[in-house]
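Reader: I am new to reading structures. Please take one part of this one and go through it closely, step by step.

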Amino acid sequence: MLRAPKGRPGAAFLWLAVAARTMAGAPTVSLPELRSLLASGQARLIDVRSREEAAAGTIPGALNIPVSELESALQMEPAAFQALYSAEKPKLEEEHLIFFCQMGRRGLQATQLAQGLGYTGARNYAGAYREWSQKEG
């Protein structure tokens, strides 16, 4: 069991942040890292919000696959994925497959689901669309 460090102001907060990330079992990407990956063309973004939410605004270049469809989408044959989503299906070994939603919860769920299906580079943009729209929009 993880124990919080004692005797240092702020240590408990830092410990909680690290523990939450560790227990969630899903790697994350920060806004500065996401900006860098997007600028270099290395990120593959998947917006797992509903079609209505994504239609109201999304991160440029993101593919919208609602979290309710994600498992079946990631298990489709590449040609069927292409036909349905008008995009190439992500590869299992894709290095920066980044999921996001509005607040972070569905993005985490999507990341964990993708990892379970063998997508080794799946990550969650924990700041989610809320942070993006506040700082980039």
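Author: Arg 51 is found in helix 3, which covers residues 51-55. Keep in mind that this is a predicted model. Arg 51 has a relative accessibility of 40%. Buried means under 20% and exposed means over 50%, so Arg 51 counts as partly exposed. Leaving aside neighbours within four places in sequence, Arg 51 is in contact with Asn 64, Pro 66, Glu 69 and Tyr 85. With one of these, Glu 69, the side chain of Arg 51 makes a polar contact of 2.9 Å. Ile 65 lies 14 residues from Arg 51 in sequence, and their C-alpha atoms are 7.8 Å apart in space.

Next comes Cys 101, found in the loop between strand 4 and helix 6 (105-116). An unreviewed UniProt entry lists Cys 101 under "active site". The relative accessible area of Cys 101 is 1%, so this residue is buried. Not counting residues up to four places away in sequence, Cys 101 touches Val 48, Arg 49, Arg 106, Gly 107, Ala 128 and Tyr 129.

Technical notes: Residues numbered from 1 in each chain as written. Predicted model: local features only at pLDDT ≥ 70, side-chain atom pairs only at ≥ 80, totals over all residues. Heavy atoms only, no water. Helix = DSSP H or I, 4+ residues; strand = E, 2+ residues; numbered from the N terminus. Buried < 20%, exposed > 50% of the residue type's maximum accessible area, 1.4 Å probe, protein only. Contact = heavy atoms within 4.5 Å. Polar contact = N/O pair within 3.5 Å; in protein donor to acceptor, adjacent residues only side chain to side chain. UniProt positions renumbered as here; feature names shortened; annotations may be inferred.
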